[in-house]
Amino acid sequence: MIPFNKPYCSGRELSYIQEVCHSTTMSGNGQFTKLCHGFLEKRYGFRKCLLCTSGTDALEMCAMLCQLKPGDEVIVPSYTFVSSALAFLREGAYVRFADSGESDPNITVEQIEPLINEKTRVIVVVHYAGVACDMDAIMALAEKHGLLVVEDAAHAIDSFYKGRPLGSIGHLAAFSFHETKNINCGEGGMLVVNDERFVSRAEILWEKGTNRAEFYRGMVNKYGWCDMGSSFLPSEFNAAFLWAQLEQIDDIQGRRRHIWERYDQALRGKLGAGITLPDLPDYATKNYHMYYLLCPSLSVRSRLMDYLKNHGVQTTFHYLPLHSSKYYEDKHDGRALPNCDRYADTLVRLPLYYELTDDEIDKICKLICNFKG
């Protein structure tokens, strides 16, 4: 069986973890955490990076920094992972789900603007598959209405919008380093703060509600409890693993690009059974996080996935609509979100990981091209 995903190790992870074992600091915010922060801030121009134990933690910090009150509303795409919404629900906000666009699963200004009212405080954008939402239009809309923008960039490391790194445009951003992501540490994430107003409080939330980070920098002579917070920072073991990955990011991205382009060359214009491929908007780059197909119906997708599985290829669909989930369907305002439903029923993700061989890619493509529906 060709698996859907296989986490990649660059070769230095164990060596760096061994360094942590022999060091004086195994808890968070040590040598490897600082290396990761410095690398990411320099490479992408992020104002402030804070590693977290997951992308969910990073989103929860975003929600806390937005200082929401009961009754405040947050606009979130329905076609996303539950954490994109849950982080804001936990702060007492009401989530108003937006539909996806016609051409790809991202939300658009046309889907967002009708949902804005006097209670709206935040727009959450999800850069699906590492492909940018139209951030100029969304930021202009947010400025017009005095709203904050949070980029859920869980898929989007090393991807760009009009030359600007994703995660650097909104007021706040969250990344994931889960094992399924391009760069991983098993479980991990990162908060990015691009607005100076939030930098100091972000560090306090990150350090369990204390000003411990300032203490370690020698800015105060003792630290104490200042605010809400939690233990969001990961251990040095996670950071050491992540640092080994970041050192090899260009190699990892190069290999993923090769795989993505081999798929695209073999499949584009050669698919039957009503299966199509997504088109990339001209303002966005690819970061080769995902290669996916769109089937004409749920029944065709089911047959395709069964056919590939029977021939030794594991594929997967993706999100179920959050607006019609068991937890939220009685809270949703009743609007139909047809594009979200369509992607939930028809999208198929193909295997894409560093060690996937050309022969395996060719096998997968041949099977898909031979599929008759």
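Where is the place of Ser54? Ser54 sits in the loop between β1 (48-52) and α3 (55-65); helices (H or I, at least four residues) and strands (E, at least two) are DSSP runs, numbered from the N terminus. This is a predicted model, in which local features need pLDDT of at least 70 and side-chain atom pairs count only at pLDDT 80 or more, while totals for chains, interfaces and linings use all residues. Residues are numbered from 1 along each chain as its sequence is written, and side-chain values use heavy atoms, with hydrogens and water left out.

Ser54 is buried, with a relative accessible area of 14%; buried means under 20%, exposed over 50%, and partly exposed in between (1.4 Å probe, protein chains only). A polar atom of the Ser54 side chain lies 3.0 Å from the backbone nitrogen of Asp57. Not counting residues up to four places away in sequence, Ser54 touches Glu187, Gly188 and Gly189, contact being heavy atoms within 4.5 Å.

The largest nonpolar core has 53 residues, and Phe175 and Met190 have the most contacts inside it. Such a core is a set of buried Ala, Val, Leu, Ile, Met, Phe, Trp, Tyr and Cys residues joined through side-chain atoms within 4.5 Å. Helix α9 (residues 236-247) gives this core its largest share, seven residues. Beyond its neighbours within four places in sequence, Met190 is in contact with residues including Leu40, Phe46 and Phe177.

Lastly, Val82 is found in the loop between β2 (73-77) and α4 (83-89), and Val82 is partly exposed, at 39% relative accessible area.

Technical notes: Polar contact = N/O pair within 3.5 Å; in protein donor to acceptor, adjacent residues only side chain to side chain.
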